[in-house]
Amino acid sequence: AVADAIKEDSKEAVERLNEKKYKTIMITGDNEKTANAIAKQVGIDKVIANVLPEDKAKKVEELQKYGMVAFVGDGINDAPALKQSNVGIAMGSGTDIAIESGDLVLARSSLLGVVQAINLSKATFKKIKQNLFWAFAYNIIAIPLAVAGVLHPVVAEIAMALSSITVVTNANLLRRAKI
């Protein structure tokens, strides 16, 4: 069977996704035998083969009934599926239309970038929740105390400034996150 060469890091990327309990599915126009051989080499859970280019988006729509779908693609045929998915991830070495259709473009065209993007988005969301907590904590405590006259308004203003400093400092700690 003739097949595209598998990139060196594809197996590692799929293994990492599987470790994190993400379901990996290959949607391809290749015949079933070729698709299953490639999927087996890299550890992909499920294969949907013999899919016409215009049907890829329909397959993504069907999968969305079961949860959020991130679609990774690089070709003209992938553009509708990239648009249909909840998160379209285009490879930087792909066609212009695929890159335009993606929500996220991987500059290095490595599937490990998908894992890194997921890790970065989770770390970012965690920081957002932490920052909201600190911003509200300072303001929920300081403002009512200042209004009640228990706390001098200048101290409440300092607390608000400290809140901003805390939020910015905490956000900058994201640079240390291991993605």
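Let's start at Asn 86, which lies in the loop between α4 and β4. Keep in mind that this is a predicted model.

What does Asn 86 touch? Set aside its neighbours within four places in sequence. Then the contacts are Gln 64, Gly 67, Met 68, Val 69 and Asp 103. The side chain of Gln 64 makes a polar contact with the side chain of Asn 86, at 3.2 Å. With Val 69, the backbone is involved: its nitrogen lies 2.8 Å from a polar atom of the Asn 86 side chain. For a sense of scale, take Trp 134. Trp 134 is 48 residues from Asn 86 along the chain, and their C-alpha atoms are separated by 30 Å.

Next, charges. Side chains of opposite charge can pair when their charged atoms come close. How many salt bridges does the structure hold? Three.

One sits in helix α1. Glu 12 and Arg 16 both lie there, four residues apart, about one turn of the helix. Their side chains meet at 2.7 Å, N to O. Glu 12 is partly exposed, at 35% relative accessible area. Arg 16 is also partly exposed, at 32%.

Another joins Asp 55 and Lys 58, at 3.6 Å, N to O. Here Asp 55 is partly exposed, with 22% relative accessibility.

Then there is Asp 78 with Lys 56. Their closest N and O atoms are 2.8 Å apart. Asp 78 lies in the loop between β3 and α4, and Lys 56 in helix α3, so the pair ties together parts that are 22 residues apart in sequence. Both residues are buried.

Last stop: the largest pocket. Rolling a probe the size of a water molecule over the atoms shows where empty space is left. The largest pocket holds about 1800 Å³ of space. Its lining counts 47 residues. Which lie nearest the centre? Ile 25, Met 26, Ile 44, Val 72 and Leu 111.

By class, the lining has 30 nonpolar, eight polar and nine charged residues. Several elements supply at least two lining residues each, among them α1, β1, α2 and β4. Helix α6 gives the most, with five.

That's the tour. Happy to take questions.

Methods
Residues numbered from 1 in each chain as written. Predicted model: local features only at pLDDT ≥ 70, side-chain atom pairs only at ≥ 80, totals over all residues. Heavy atoms only, no water. 1 Å grid on protein atoms, 1.4 Å probe; cavity = no way out; pocket = protein on both sides within 12 Å on 5 of 7 lines; lining within 4 Å. Points joined across faces, edges and corners; volume = space filled by probe spheres on them. Nonpolar A, V, L, I, M, F, W, Y, C, P; charged D, E, K, R; others polar. Salt bridge = Lys/Arg side-chain N within 4 Å of Asp/Glu carboxyl O. Buried < 20%, exposed > 50% of the residue type's maximum accessible area, 1.4 Å probe, protein only. Contact = heavy atoms within 4.5 Å. Polar contact = N/O pair within 3.5 Å; in protein donor to acceptor, adjacent residues only side chain to side chain.
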